[in-house]
Amino acid sequence: MSQTIAVLSQKGGTGKTTTVRTLADALRRSGVRTLAVDLDPQGNLSDYFDLPPDVEPTIADVLSGRASAADAVHEELIPANLSLAEAELMLGGKMGRELTLRRVLSALPEEYEVILIDCPPSLGLLTINALVAADWALITAEAQYFALQGVEQAMEVVELARDSLNPKLTLLGVLLNLADMRTVHSREALVSLKERFGEQVFDTVIRASIAYAESAERARSILDHRPDLGADYVGLADEILARLPGLTDARMRLAGLS
Ligand SMILES: Nc1ncnc2c1ncn2[C@@H]1O[C@H](COP(=O)(O)OP(=O)(O)OP(=O)(O)O)[C@@H](O)[C@H]1O
Ligand SMILES: [Mg+2]
């Protein structure tokens with residue numbers, strides 16, 4: 001059985017796509033068969049993995065019923081581009097519109113242990129589709145003022161999806177991202193998240209560094225570009241593997257990487 005994780009945030013630029021990209025790298029290096037799904041019309045995840053922009057079929061074709069999910073897998077990624085915006089509009093007028101992603105992903109052959117879904121920066125229909133298809137929700141927050149507010153809004157949508165459409169959905173955790181612990185506002189963001197969400201906040205905090213923009217531009221994983229910084233994501237992957245059932249062996253292999 002695959003474990004599906006939706007990575008979401010109410011705000012833009014909280015590091016969702018970088019998290020999906022780098023977690024996919026870390027999990028694959030520890031032997032976990034991982035599929036990444038780009039569910040954002042911006043197509044950033046597809047760029048970060050350096051897929052050609054005109055690659056087809058994409059997730060838009062899958063959601064529109066023109067292709068199967070299996071046909072849309074390119075190098076262990078289902079890509080997206082702007083055509084997803086149109087597919088989202090079309091989806092809006094259909095019966096069962098919140099269930100479409102779950103239905104198409106469930107038709108995938110059982111070859112992936114983990115499926116990571118990169119959501120767009122809004123809590124609209126695409127993000128709801130991700131939450132209905134997922135077993136787990138991972139909320140990212142930028143270490144800034146108002147981090148708490150953004151996480152609370154995302155949490156409400158997670159609860160809505162759980163109560164109405166997907167009772168098995170569980171919060172995997174809240175990730176504090178782009179943090180500079182030398183600054184007061186990063187420290188305060190962490191304190192307020194811990195006060196509110198306690199153990200649900202990952203111990204691992206992802207440090208801010210300009211190296212992430214460089215590594216995105218070169219479509220090169222931060223694990224290779226700057227392993228010293230990539231260590232944050234190795235720590236996060238370890239915490240996630242500890243929370244997902246049945247992946248203990250991968251934790252040992254991950255430990256061997258660092
Ligand atoms: N830890 C980090 N430190 C500094 N910059 C980062 C970090 N992680 C990501 N970035 C940069 O911040 C920008 C936004 O990151 P990313 O695309 O991962 O966020 P996002 O939440 O997916 O954005 P969007 O909401 O637009 O989809 C990118 O330029 C990325 O390279
Ligand atoms: Mg993104």
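Biologist: How are residues, chains and ligands numbered, and which pLDDT limits apply?

Modeller: Residues count from 1 along each chain as its sequence is written, while chains are lettered from A and ligands numbered from 1 in the order in which they are written. The model is predicted; totals for chains, interfaces and linings use all residues, side-chain atom pairs count only at pLDDT 80 or more, and local features need pLDDT of at least 70.

Biologist: In what order do the 7 strands of the open sheet lie?

Modeller: Strands are DSSP runs of E with at least two residues, helices are runs of H or I with at least four, and both are numbered from the N terminus. Two strands pair if DSSP finds at least two bridges between them. The pairing in this open sheet is parallel, and the order is 3-2-4-1-5-6-7.

Biologist: Which are the edge strands?

Modeller: An edge strand here pairs on one side only. That applies to strand 3 (77-78) and strand 7 (201-207).

Biologist: At what angle to strand 6 does helix 8 run?

Modeller: Axes are lines fitted to C-alpha atoms, for helices over the stretch in contact, and angles between N-to-C directions run from 0 to 180 degrees. Helix 8 (residues 184-197) lies across strand 5, strand 6 and strand 7. Its angle to strand 6 is about 170 degrees.

Biologist: Which residues come nearest to ligand 1?

Modeller: A residue is near a molecule if its C-beta atom, placed from the backbone, lies within 6 Å of it. Helix 1 (16-29), strand 6 and helix 9 (211-217) each supply at least two residues of the shell. Of the 20 residues around ligand 1, the nearest are Gly12, Thr17, Thr18, Pro121 and Tyr212.

Biologist: How many residues of that shell are nonpolar, polar and charged?

Modeller: Ala, Val, Leu, Ile, Met, Phe, Trp, Tyr, Cys and Pro count as nonpolar, Asp, Glu, Lys and Arg as charged, and the others, Gly among them, as polar. The shell around ligand 1 divides into 7 nonpolar, 11 polar and 2 charged.

Biologist: Are helix 11 and helix 12 roughly parallel or roughly antiparallel?

Modeller: Angles under 35 degrees count as roughly parallel, over 145 as roughly antiparallel, 65 to 115 as roughly perpendicular and the rest as oblique. The axes of helix 11 (residues 227-243) and helix 12 (residues 248-257) come within 10 Å and cross at roughly 170 degrees. The two helices are therefore roughly antiparallel.

Biologist: How many charged residues does the contact of helix 11 with helix 12 have?

Modeller: Residues are in contact if their C-beta atoms, placed from the backbone, lie within 7 Å. Val234, Ala237, Asp238, Leu241 and Ala242 of helix 11 meet Ala250, Arg251, Leu254 and Leu257 of helix 12. By class there are 7 nonpolar residues, no polar ones and, as charged residues, 2.

Biologist: Are helix 1 and helix 11 roughly parallel or roughly perpendicular?

Modeller: Their axes come within 9 Å and cross at roughly 70 degrees. Thr22, Leu23, Ala26 and Leu27 in helix 1 meet Tyr233, Val234, Leu236 and Ala237 in helix 11. By class, this contact has 7 nonpolar, 1 polar and no charged residues. Given the angle, helix 1 and helix 11 are therefore roughly perpendicular.

Biologist: Which residue is joined to glutamate 56 by a cis peptide bond?

Modeller: Most peptide bonds are trans. At this bond omega is about -5 degrees.

Terms used
Contact = placed C-beta atoms within 7 Å.
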